[in-house]
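Please work through each task before reading its solution.

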Amino acid sequence: MHTFASDNNSGVHPLIMEAIIKANQGHVKGYGEDIYTARAQENFKLLFGAGVEVFFVFTGTASNVLGLKAMTQPYQSILCADTAHIQTDECGAPERFTGSKLIPIPTPDGKLTPNLIKPHLHGINFVHHSQPKVVSITQSTELGTVYTVDQIKELSDFVHQQGLFLHVDGARIANAAVSLGCSFRNLITETGVDVLSFGGTKNGMMFGEAIVFLNPVLSENFGYTRKQGMQLASKMRFISAQFNAYLENDLWRINAGQSNQMAKLLSGEVKKLGIQVTHETEANSVYAILPQAVIPALQQESFFYVWDESTSEVRWVCSWNTCEEDVYNFTGRLRSYLS
Ligand SMILES: Cc1ncc(COP(=O)(O)O)c(C=O)c1O
């Protein structure tokens with residue numbers, strides 16, 4: 001059966017496959033000095049604005065870690081939600097490679113606000129404390145919620161007033177933009193984000209993420225940081241060609257639209273079964289409390305993760321290729337286990 005474990009459990013969109021095959025022609029210069037990469041960089045400038053600098057890497061963890069490294073010194077700290085991927089699922093890589101301390105902040109819905117951040121901005125200029133330098137948010141969040149454009153703008157203004165930078169983990173940025181019905185320019189450039197980790201893999205690409213510097217000062221010397229961080233792809237054309245297919249065909253919008261819509265359907269269907277959905281379903285994931293007894297059998301048929309063992313909360317993620325039939329098959333099996 002189709003699984004709802006993660007959007008990286010799905011395969012690669014055929015247009016992306018085709019782009020990889022088409023890029024497999026002859027010799028081109030390595031390390032990003034090729035026509036595919038030049039075109040991909042232009043595509044990002046069209047979407048975000050002419051002033052952005054873009055660097056491609058292989059993984060979402062690398063884009064977060066290296067983006068954060070460009071924004072911090074080892075004596076500084078990075079504030080994030082306690083559910084942030086950089087805090088929970090990157091094996092300490094952000095702390096190891098930046099040397100900076102992560103400060104996790106509890107939130108009700110995965111979203112930071114100025115009021116939640118304020119109590120953590122202390123010890124400024126006090127040599128014994130790590131100095132807050134970056135606020136990192138995730139859009140869409142690890143709980144399937146989405147910051148509005150106004151909420152990001154408010155955070156960005158606040159963060160900058162405090163002399164900090166704003167980083168966005170956009171592993172699922174396309175899902176957020178589609179959910180809000182806005183452009184990347186509205187959501188990221190015009191709100192004043194400094195650095196964005198732009199995801200591709202979870203939304204139909206084979207591999208490849210982009211670090212988008214909206215604040216160009218931060219990208220100075222970043223080429224060296226990426227190389228030291230072991231993310232300078234020699235055959236970069238195969239990442240860039242994927243991004244060209246992804247951005248030029250509106251694939252980011254089509255794929256995210258499908259996964260968001262299927263998450264809404266799944267959320268609605270499980271609610272009909274009397275299941276409690278714990279967070280608003282605003283992007284492509286659904287969180288719900290299941291009776292503990294039904295979880296193992298359902299997982300056997302269609303694997304998914306338990307998010308919180310103590311409350312029996314599970315997470316289901318829809319992908320670009322999840323369809324209505326997959327949702328109805330799954331909820332049908334759930335119904336049979338519940339009865
Ligand atoms: C919000 C978020 N950020 C970053 C990542 C990291 O991606 P990768 O597994 O490619 O390192 C993930 C992957 O699950 C994620 O969900």
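**Exercise 1.** Identify the residue of S11 that stands opposite Val306, and describe the pairing around it.

*Solution.* Val306 faces Val314 in S11. The model is a predicted one, in which local features require pLDDT of at least 70 and side-chain atom pairs pLDDT 80 or more, whereas totals for chains, interfaces and linings use all residues. Residue numbers start from 1 along each chain as its sequence is written. The two elements are strand S10 (residues 305-308) and strand S11 (residues 313-317), antiparallel and joined by three bridges. Strands pair here if DSSP finds at least two bridges between them; strands (E, at least two residues) and helices (H or I, at least four) are DSSP runs numbered from the N terminus. Four residues lie between S10 and S11 in this hairpin, and Ser312 in the turn has a positive phi of about 65°.

**Exercise 2.** Give the strand order of the open sheet of seven strands, and locate its edges.

*Solution.* The order reads S1-S7-S6-S5-S4-S2-S3, and the pairing is mixed. Strand S1 (53-57) and strand S3 (101-105) are the edges, each pairing on one side only. On average, neighbouring strands are turned by 20° against each other, direction ignored; the axes are lines fitted to C-alpha atoms, and angles between N-to-C directions run from 0 to 180 degrees. Within the order, S7 stands beside S6: strand S6 (residues 195-198) and strand S7 (residues 209-213) run antiparallel over four bridges. Phe198 has Ala210 in S7 as its bridge partner.

**Exercise 3.** Determine how the chain is divided into domains, and which helix gives the largest share of the side of domain 1 that touches domain 2.

*Solution.* Domain 1 spans 14-250 and domain 2 spans 252-338, with bounds from an automatic or database domain assignment. Their centres, taken over C-alpha atoms, are 27 Å apart. The contact (C-beta atoms, placed from the backbone, within 7 Å) takes 17 residues from domain 1 and 18 residues from domain 2. On the domain 1 side, helix H8 (173-180) and helix H11 (237-248) each supply at least two residues. The largest share, five residues, comes from H8.

**Exercise 4.** List the residues that surround the ligand, and name the helix that gives the most to this shell.

*Solution.* The shell (C-beta atom, placed from the backbone, within 6 Å of the molecule) consists of Thr59, Gly60, Thr61, Asn64, His85, Thr138, Glu142, Asp169, Ala171 and Thr201. Helix H3 (residues 60-69) gives the most, with three residues.

Terms used. Contact = placed C-beta atoms within 7 Å.
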